[in-house]
Amino acid sequence: MKITISLICRISLTVAFLCVFCGCATVRKARSVQRAEQLPVGERTVTAAELGLNSNSVLKLDKAVSIALACNPAVSQAQFALAAATTQVAQAKAAYWPSVESSAGYSRSTANSSTSRGNTESSDSYSASLGLNLTLYDFGRTTAAVRQSVTRLAAAAENLLTTRGDVAFKVRTSFYDLCQAAELVVVAEESVWQFDRHLDQVRTLAEFGSRIRYEVMKAEVDLGNARLDLINARAAADNARDTLNRNLGLAENPGFRITPDNLPELDDNAAKLMAIIRRRHPGLLALRAQERLSSAAVDAAIADLYPSLKVSGSVSWSGDQLPLVWNWLSSVQSALELFSGGRKTARIEETVAELRAARARIAEREQQLYQEMALALRTREVARQQMALTELIRTAAAASLELINERYRQGKASALEVTDAQVALTRVQADQVKARFEYQKALAGLMHATGDERP
């Protein structure tokens, strides 16, 4: 077989071109990511301006959840983990295909030896080769590796759903916390207004000698306490807003307004809800994928006990002058480790233990989800009863306060009675607000426990 230097160059250049062509797009993308060019939302903090949020915006719950699912970095991390798992499947399947290698070289050297010294004459040397390697059979090693990568992909997909569910739950909870805090501020403002009006009334009566100085001082103290409660309520509202902004993926406070929305009702039957949890909760599905991954690891550990069978072949050209001398080589190889000191059998036992642990994690997660679901059901029922009861109490407390105020103006009630009546009304108004939003948060907990993917 004759070969020329130009053919060697053409082969080398062709191989190099194919390698660069196939990899250049991937390399350009990788370099672009390294340089952090045009970072998408999730890899950077989104701005309120990008979302169209400002002090004039009204944010509803479904919109808040949609923003968080698009902008929260936790979701982006899970998405990239899924993308990495996808490429791992491709890497594992690559073992089914042969690997092809090529090389070409040129050198120029002298040939001095112990019997011939000081020779300055040099000669050329050329070489080129093309080789192929393929695993014919490895007793399931590659198949087990592919199965492991596929189950990792499935687990990553379920982890993404789990992360999305966790983020949605946090947004719903923080949204209702802010709604609750905002309404408690209104309750506190109403209480301040009532105590301020009462103080004006007492001062007027005191000017005409109908009330003593003590009652004026007590009214001032009551107003001070109401203002202190208002300060605390506003601080709690600010904290709730910061939490919601964080869950949305923001690092600023655009000052948007919110309107409370009611979540859809869910079944009260615990057995039916648990069946739904077992069927579709992404956390459980991810753990089942981990169980399949552990099972594939057992297969891989067992396959490692057996030999592998590989075939390889190559064609090479070499010589110190043209035309070069060619040779070909083919081989079939089988390798088996006869003794490993018990390492391989210990590895099998390790993977079996990991498989059993994976099953135990599934059982533990089922029990945890049942507890969360039962707690959400109980919380919802308690909140439902509280809403009904606090409405009756609020009506009675409002009527009582009106009556006590009238009696106080007539000199038939004490300042302490007025304070007690106002405090009772404020407390029941706050309890009513809390019960209403605890009910909605319980529904959010049920949605989270059952893996409900609705925004």
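Ala383 belongs to helix H9, which spans residues 343–409. The model is predicted. Its protein chain has a secondary structure of ten helices and six strands. Of the 455 residues in the protein chain, 35% count as buried.

**Surroundings of Ala383**

- Ala383 counts as buried because its relative accessibility is 1%, and the limit for that class is under 20%.
- When residues up to four places away in sequence are not counted, Ala383 touches Ala435, Glu438 and Tyr439.
- Gln432 stands 49 residues from Ala383 along the chain, and the C-alpha atoms of the two are separated by 9.3 Å.

**Largest pocket**

- The volume of the largest pocket is about 370 Å³.
- Its lining consists of 18 residues, and those nearest the centre of the pocket are Val187, Ala188, Ser191, Asp229 and Thr426.
- Three helices each supply at least two residues of this lining: H5 (141–207), H6 (213–248) and H10 (415–449).
- Helix H6 provides the largest share of the lining, with seven residues.
- Sorted by class, the lining of the largest pocket holds ten nonpolar, five polar and three charged residues.

**Salt bridges**

- Side chains of opposite charge can pair when their charged atoms come close.
- The count of salt bridges in the model comes to 17.
- In one of them, Arg147 pairs with Asp299, and the closest N and O atoms are 2.4 Å apart.
- Because Arg147 lies in helix H5 and Asp299 in helix H8 (residues 282–303), this pair ties together parts that are 152 residues apart in sequence.
- Arg147 is partly exposed, with a relative accessible area of 32%, and Asp299 is likewise partly exposed at 36% relative accessibility.
- A salt bridge also forms between Asp177 and Lys441, where the closest N and O atoms are 2.7 Å apart.
- Asp177 sits in helix H5 and Lys441 in helix H10, so the pair ties together parts that are 264 residues apart in sequence.
- Asp177 is partly exposed, with a relative accessible area of 29%, whereas Lys441 counts as buried at 16% relative accessibility.
- The side chains of Glu366 and Arg278 meet in a further salt bridge, at 3.4 Å from N to O.
- This pair links distant parts of the chain, with Glu366 in helix H9 and Arg278 in helix H7 (residues 270–280), 88 residues apart.
- Glu366 counts as buried at 19% relative accessibility, while Arg278 is partly exposed, with a relative accessible area of 40%.

**Chain as a whole**

- Among contacts in the protein chain between residues at least 6 apart in sequence, 82% join residues at least 24 apart.
- The protein chain exposes about 26,400 Å², of which carbon and sulfur atoms supply 57%.

Technical notes: Residues numbered from 1 in each chain as written. Predicted model: local features only at pLDDT ≥ 70, side-chain atom pairs only at ≥ 80, totals over all residues. Heavy atoms only, no water. Helix = DSSP H or I, 4+ residues; strand = E, 2+ residues; numbered from the N terminus. Buried < 20%, exposed > 50% of the residue type's maximum accessible area, 1.4 Å probe, protein only. Contact = heavy atoms within 4.5 Å. 1 Å grid on protein atoms, 1.4 Å probe; cavity = no way out; pocket = protein on both sides within 12 Å on 5 of 7 lines; lining within 4 Å. Points joined across faces, edges and corners; volume = space filled by probe spheres on them. Nonpolar A, V, L, I, M, F, W, Y, C, P; charged D, E, K, R; others polar. Salt bridge = Lys/Arg side-chain N within 4 Å of Asp/Glu carboxyl O. Areas by Shrake-Rupley, 256 points an atom, 1.4 Å probe, with all protein chains shown as cover.
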